[in-house]
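Try each exercise below before you peek at its solution.

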Amino acid sequence: MLKVLDRLEEILIASLIAGATLLIFVAVTHRYALDMSAKFHLNALYDLLFKINLSWAQELCIYMFVWMAKFGAAYGVRTGIHVGVDVLTNNLPPRWRFFSVMFGLLAGAFFTGVVGTLGVHFVYELSSTAQTSPDMEMPMWIVYLAIPCGSYLMSFRFLQVAWGFWRTGELPHHDAAHVEGVGEAEAIVPATAPVGATR
């Protein structure tokens, strides 16, 4: 079950990043093409491009990045990629280090759980109003739903890491120098590359 949740989390984050990037690229290209067609008096092309309304693109990209950031924060807790100053913690005696790390993880779970609960209350109150976004006219409660969803997931990830630390004494660690897939590709090269290709 956790593997399914992990995979869904990764797919959602990757899809939001890819979608927002593509949307920004299309919107900027459209704006540039519209400007160039006006500059060089390409009236037929200008009329065609002018009919394409992408005024909603910037707003959607902002919302996509908000959702990506909330779920990305939970992913960061799970994989240990959040920046942290742990010089003091690492120099404590093992027993004190254990308790300080557990306190930090449980405090993080509590804080994000509180934010998620307040987010649920806020979204519930907002859903009873007719407030919509300016360009897309999307109900704003859908946009703000990222707060409880992302916060509760982050709280769960804090508890997951705390449980793993309690059992093994290990925290998730991310090696900044490691690029996923590179080591595997290098291992395949000698077997598949032509003779003399690795020289």
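**Exercise 1: Aromatic pairs**

The structure holds 6 aromatic pairs, and keep in mind that this is a predicted model. Work out how the rings of W67 and F71 are arranged.

Solution. Start with what you need: a pair of aromatic rings is described by the distance of the centres and the angle of the planes. For W67 and F71, the centres are 5.8 Å apart and the planes sit at 10°. Planes under 30 degrees apart count as stacked, so W67 and F71 make a stacked pair. Next, look at where the two residues sit: both are in helix α3 (residues 57-79), 4 residues apart, which puts about one helical turn between them. Last, check the cover on F71: its relative accessibility is 11%, so F71 counts as buried.

**Exercise 2: A pair across two helices**

Classify the ring pair F98 and W166, and say which helices it ties together.

Solution. The ring centres of F98 and W166 lie 5.5 Å apart, with the planes at 50°. Now place the residues: F98 belongs to helix α5 (residues 94-127) and W166 to helix α7 (residues 146-168), so the pair ties together parts 68 residues apart in sequence.

How exposed is each partner? F98, at 22% relative accessibility, counts as partly exposed, while W166, at 53%, counts as exposed. Zoom out a bit and you'll find that ring pairs join F98 and W166 with F99 and F165 in a cluster.

**Exercise 3: Helix α7**

Solution. Finally, step past the end of the helix: G169 follows α7 and has a positive phi, near 80°.

**Exercise 4: A nonpolar surface patch**

Which residues form a nonpolar patch on the surface, and where does L42 sit?

Solution. The patch is made of F40, L42, L45 and L48, which together have about 390 Å² of accessible area. L42 is found in the loop between α1 (2-39) and α2 (43-50). With a relative accessible area of 42%, L42 is partly exposed.

Key: Residues are numbered from 1 along each chain as its sequence is written. This is a predicted model: local features need pLDDT of at least 70, side-chain atom pairs count only at pLDDT 80 or more; totals for chains, interfaces and linings use all residues. Side-chain values use heavy atoms; hydrogens and water are left out. Patches are made of residues with over 30% relative accessible area and no salt bridge: like charges are joined within 9 Å, nonpolar side chains (Val, Leu, Ile, Met, Phe, Trp, Tyr) within 5 Å. Accessible areas come from the Shrake-Rupley method with a 1.4 Å probe; for residues, only the protein chains shown count as cover. A salt bridge is a side-chain nitrogen of Lys or Arg within 4 Å of a carboxyl oxygen of Asp or Glu. Buried means under 20% relative accessible area, exposed over 50%, partly exposed in between (1.4 Å probe, protein chains only). Rings of Phe, Tyr and Trp (its six-membered ring) pair if their centres lie within 6.5 Å; planes under 30 degrees apart count as stacked, over 60 as edge-to-face and the rest as tilted.
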